[in-house]
Amino acid sequence: MLCGVDRSANARAARVQAQLLASPGGTVRLVPAPTLTKHGERALYDGCDGHDLVVLGGGAAAHRAVRHARIPVLIARTCPLGTKLTDTVLVPVDESPDSRRAVELAGRLAALNGGTVSIVQAPPPDAALQRATAGSSRVLLGLTGAVPRIYGEQASPERAIPSAAATLTASLVILGSGNSGSARRMTAQMVGSIGCSVLVIPAPLVPEQQP
């Protein structure tokens, strides 16, 4: 696991949250955050090579990493006193493979750390989305032993997800970044409007996407 650090409060949160996700048995490599975020895409690709996750404190530079990283990115923000990263996890649900991967990861993290998982429907519900929500609920019930709460609003994902995170007082949001440049840009913008830590799961690479 790779963790970019500086002197900000969110960078301190990044160190704590990286250690939480790395345990047990994982290792965290600390590097100056600017070496990952201020020298172009190639520096980010090279810095992340051989790691499973990159962790950065919330801020404009970290959001650029969401657009370009090819491994999962945790954008860390300070949790309220007495809470930890995985206490209250929110995962958006739609029909995409990104959503299914996020749901499974949310369930595993909650099961390992004694947290809870809630769902927000994004985009607005339709028949296929209702099936995806029901399937995700079954997955989370099997993984955590608890039925997740479901949040849904008649709004676009970029509005519904931050709103649900604020309503729930989420400690972590897990979402996919999409597999196009425009989808990743929208995800990066959404991360900027969410008030808690966000774990972004990139779409798997296809050969022509290799840097």
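Helix 5 has 17 residues, which at 1.5 Å a residue should span 24 Å. Its end C-alpha atoms lie 25 Å apart, which agrees. The model is predicted.

**Helix 5**
- The buried residues of helix 5 are Asp98, Ser99, Ala102, Val103, Leu105, Ala106, Gly107, Leu109 and Ala110.
- An α-helix has 3.6 residues a turn, so residues three or four places apart point the same way.
- The cover over the buried residues of helix 5 includes helix 1, strand 5 (88-93), strand 6 (116-121), helix 6, strand 8 and strand 9.
- Glycine 114 follows helix 5 and has a positive phi, near 75 degrees.

**Second largest pocket**
- The second largest pocket has a volume of about 250 Å³.
- Its lining consists of Met1, Leu21, Ala22, Gly26, Thr27, Asp52, Leu53, Pro72, Leu105, Leu109 and Leu199.
- Eight lining residues are nonpolar, two are polar and one is charged.
- Leu105 and Leu109 belong to this lining, and both are buried in helix 5.

**Nonpolar cores**
- The largest nonpolar core holds 35 residues. Val54, Leu90, Val173 and Ile194 have the most contacts inside it.
- Elements giving two or more residues to this core include helix 3 (40-48), strand 3 (54-57), helix 4 (60-68) and strand 4 (73-76). Also among them are helix 7 (157-168), strand 8 (172-176), helix 8 (181-193) and strand 9 (197-201).
- Helix 7 gives the most to this core, with five residues.
- Valine 54 touches Leu2, Leu36, Cys48, Ile71, Pro72, Val73 and Leu74, leaving out residues up to four places away in sequence.
- Another core, of 29 residues, lies apart from the largest one. Its members include Met1, Leu53, Ala76 and Ala110.
- Met1 and Leu53 also line the second largest pocket.

**Helix 6**
- Helix 6 (residues 127-144) has 18 residues and should span 26 Å at 1.5 Å a residue. Its end C-alpha atoms are 26 Å apart, in agreement.
- Leu129, Ala132, Thr133, Gly135, Ser136, Ser137 and Leu140 are its buried residues.
- Serine 137 sits in helix 6. Its relative accessible area is 15%, and buried means under 20%, so serine 137 counts as buried.
- Beyond its neighbours within four places in sequence, serine 137 contacts Ile119, Pro148 and Ile150.
- Just after helix 6, glycine 145 has a positive phi of about 80 degrees.

Methods:
Residues are numbered from 1 along each chain as its sequence is written. This is a predicted model: local features need pLDDT of at least 70, side-chain atom pairs count only at pLDDT 80 or more; totals for chains, interfaces and linings use all residues. Side-chain values use heavy atoms; hydrogens and water are left out. Helices (H or I, at least four residues) and strands (E, at least two) are DSSP runs, numbered from the N terminus. The expected span of a helix is 1.5 Å times one less than its number of residues. Buried means under 20% relative accessible area, exposed over 50%, partly exposed in between (1.4 Å probe, protein chains only). On a 1 Å grid over the protein atoms alone, a cavity is a set of points where a 1.4 Å probe fits but cannot get out, and a pocket is an open set with protein on both sides within 12 Å along at least five of seven lines; lining residues have an atom within 4 Å of a point. Grid points are joined across faces, edges and corners, and a volume is the space filled by probe spheres set on the points. Ala, Val, Leu, Ile, Met, Phe, Trp, Tyr, Cys and Pro count as nonpolar, Asp, Glu, Lys and Arg as charged, and the others, Gly among them, as polar. Contact means heavy atoms within 4.5 Å. A nonpolar core is a set of buried Ala, Val, Leu, Ile, Met, Phe, Trp, Tyr and Cys residues joined through side-chain atoms within 4.5 Å.
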